[in-house]
Amino acid sequence: MKVLNTDVAIIGAGTAGLSAYRAVKAAGKRAILIEGGPYGTTCARVGCMPSKLLIAAAEAAHTAASAAPFGVHIDGSLRIDGKQVMDRVKRERDRFVGFVLESVEGIPASDKIRGYARFLSDTVLQVDDHTEITAGSIVIATGSSPFIPESYRALGDRVVVNDDVFYWDDLPDSVMVLGSGVIGLELGQALARLGVNTTIVNRSGGAGGLTDPEVRASAVKAFQAELALHLNASIKSTRRDGDQVVVSYQSEDGAEHTVSVDYLLVATGRTPNVKELDLHNTSAVLNDKGMPVYDSATLQVGRSPIFIAGDVNGVLPLLHEAADDGQFAGENAAAYPEIEPAQRRAPMAVVFSDPQLAQAGMRFKDLPSQGVVIGEVDFSNQGRSRVMLKNRGKLRVYGCVRDGRFLGAEMAGPAMEHIAHLLAWAVQKELSVAEMLKMPFYHPVVEEGLRTALRDCAKKLAAAELEHVCEGDQAVNSA
Ligand SMILES: Cc1cc2nc3c(=O)[nH]c(=O)nc-3n(C[C@H](O)[C@H](O)[C@H](O)COP(=O)(O)OP(=O)(O)OC[C@H]3O[C@@H](n4cnc5c(N)ncnc54)[C@H](O)[C@@H]3O)c2cc1C
Ligand SMILES: NC(=O)c1ccc[n+]([C@@H]2O[C@H](COP(=O)([O-])OP(=O)(O)OC[C@H]3O[C@@H](n4cnc5c(N)ncnc54)[C@H](O)[C@@H]3O)[C@@H](O)[C@H]2O)c1
């Protein structure tokens, strides 16, 4: 067994791990980066990038197929070549992976170990059966894996997850997507728009992680107008029939349906990669799911020299958060025991469906039960959205009655990836609704819809303030 010694060992060379490695080196410390799977990161290989490439192809197909209301007609048939679609997805994906591989190649060979790491103690790791590493501190950056309910595993190779989709050589004829979370909606809608007969079934009423019931209802209405999306539905049985999977499910209205599909695409959530780490050999306190208890501000596991960053910590499983986490964990691991709380950015999430869904700042479900007013705009009559025939969805903004501050927003509509940025920046700058309304708004743009929601919020803030004053008057009068 090879024996190594380092200042910081990092488990996982994904986005968080690479960022942690760079932070440790920038602090002038020695680092070893351990990777068990293929280099290239989840984001570039099977996550953000290939999914957006598939969605881009679907948008092209949808734009062509839905041009008639503008008076633009395709006389003849629209042909989607599944092989060409998947070829571009994989070619461009490989290009993005290539950039990551180049940066990994730039890391000195002595700083990289191939193999799966597990803990022997708080400061000692074993990598496969070939290397033992003693480190001053350790960063866990092992990411997450798709969760496949046990009952579906028996269906064999016709049960797939997002990773498999991005290795297809051609588009299948039919797919059932299990789960209408972020992955299920993005991939399900893209496949449907590319001509794949797609059914999406979700066991709850959830859609793309939205927590505001009104925004969610408007989004679901838009999706259901074009997609077979069944919420609050339950799978009754699944069986294999040759190369097909036969699925029986009950929809919300009690009706029973049976479909036969080429693939069952499971998108029922992801689980942190902690099971194989043998964390029971460390001082970490583990919860009933085997997750170590850690401080979300410092990313430190208990009082140990172990830090946890990226998707594996389960806080905000998003690319920019993984990169930030990696940097914070790397800095703290390098400085251990002198550790500092992380400086977080305003939260933001975007789902690349159509309509796009997004959240910025505080989510509806986290709002205080009192002292908040909500302004809104429905995009059905919003000028620019109607011009583009993208007039679907709703935006709701949350304002704080006490100081008029803008707290956050949830939204479904056109160009929400950009609106979400404006709003997250406003949250981070701690702007008030009144200050936001003093900003310039061009005409005609989707941002005018945001202004409508902000004006509605400002009006309600003023009314709430007035109510407060009246209550105060009453108190004075009755004294
Ligand atoms: C389909 C899909 C689409 C997505 N789209 C977006 C998007 O549009 N925008 C966005 O912000 N986010 C998106 N995400 C989320 C984003 O990809 C993740 O948040 C991010 O990739 C997480 O990075 P990470 O470093 O935590 O994990 P990873 O990149 O998964 O890195 C973990 C690494 O650890 C390695 N590893 C695991 N266990 C061990 C071990 N014991 N020893 C050694 N190595 C180990 C793994 O092989 C892996 O390389 C998407 C995810 C998916 C699945
Ligand atoms: N655009 C983006 O930023 C982007 C894109 C893709 C993924 N991601 C990240 O990946 C994470 C994981 O996404 P995800 O979609 O896998 O998880 P998710 O938690 O968003 O959604 C899972 C969905 O599956 C449903 N579900 C669970 N068990 C089920 C069952 N047995 N049958 C039917 N439905 C079931 C849940 O009700 C939920 O709606 C996201 O939280 C996000 O952070 C981000």
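A residue counts as near a molecule or strand if one of its heavy atoms lies within 4 Å of it. By that criterion, 19 residues lie around ligand 2, and I183, E186, N202, P317 and V350 come nearest. The structure is a predicted model, in which local features need pLDDT of at least 70 and side-chain atom pairs count only at pLDDT 80 or more, while totals for chains, interfaces and linings use all residues. Residues are numbered from 1 along each chain as its sequence is written, chains are lettered from A and ligands numbered from 1 in the order in which they are written, and side-chain values use heavy atoms, with hydrogens and water left out.

**Ligand 2**

- A polar side-chain atom of E186 is 2.8 Å from a nitrogen atom of ligand 2, a polar contact being a pair of N or O atoms within 3.5 Å.
- Oxygen atoms of ligand 2 are also approached: a polar side-chain atom of N202 lies at 3.0 Å, and a polar backbone atom of V182 lies at 3.2 Å.
- The protein buries 77% of the 860 Å² that ligand 2 exposes when taken alone (Shrake-Rupley method, 1.4 Å probe).
- Helix α7 (residues 182–193) supplies the largest share of the shell, 3 residues; helices are DSSP runs of H or I with at least four residues, and strands are runs of E with at least two, numbered from the N terminus.
- The shell of ligand 2 comprises 9 nonpolar, 6 polar and 4 charged residues, where Ala, Val, Leu, Ile, Met, Phe, Trp, Tyr, Cys and Pro count as nonpolar, Asp, Glu, Lys and Arg as charged, and the others, Gly among them, as polar.

**Ligand 1**

- Ligand 1 is surrounded by 33 residues, of which A16, E35, T42, K52 and D311 are the closest.
- A polar side-chain atom of T42 lies 2.4 Å from an oxygen atom of ligand 1, and a backbone N or O atom of G36 lies 3.1 Å from a nitrogen atom of the ligand.
- A polar backbone atom of L318 is 3.3 Å from an oxygen atom of ligand 1.
- On its own, ligand 1 has 1,000 Å² of accessible area, and the protein covers 89% of this.
- Two or more shell residues come from each of α1 (15–26), β2 (31–35), α2 (42–46), α3 and α9 (319–335).
- By class, 16 nonpolar, 13 polar and 4 charged residues form the shell of ligand 1.

**Residue F70**

- F70 is located in the loop between α3 (48–65) and α4 (82–105).
- F70 counts as partly exposed because its relative accessibility is 48%, partly exposed being the range between buried (under 20%) and exposed (over 50%).

Conventions: Buried < 20%, exposed > 50% of the residue type's maximum accessible area, 1.4 Å probe, protein only. Polar contact = N/O pair within 3.5 Å; in protein donor to acceptor, adjacent residues only side chain to side chain.
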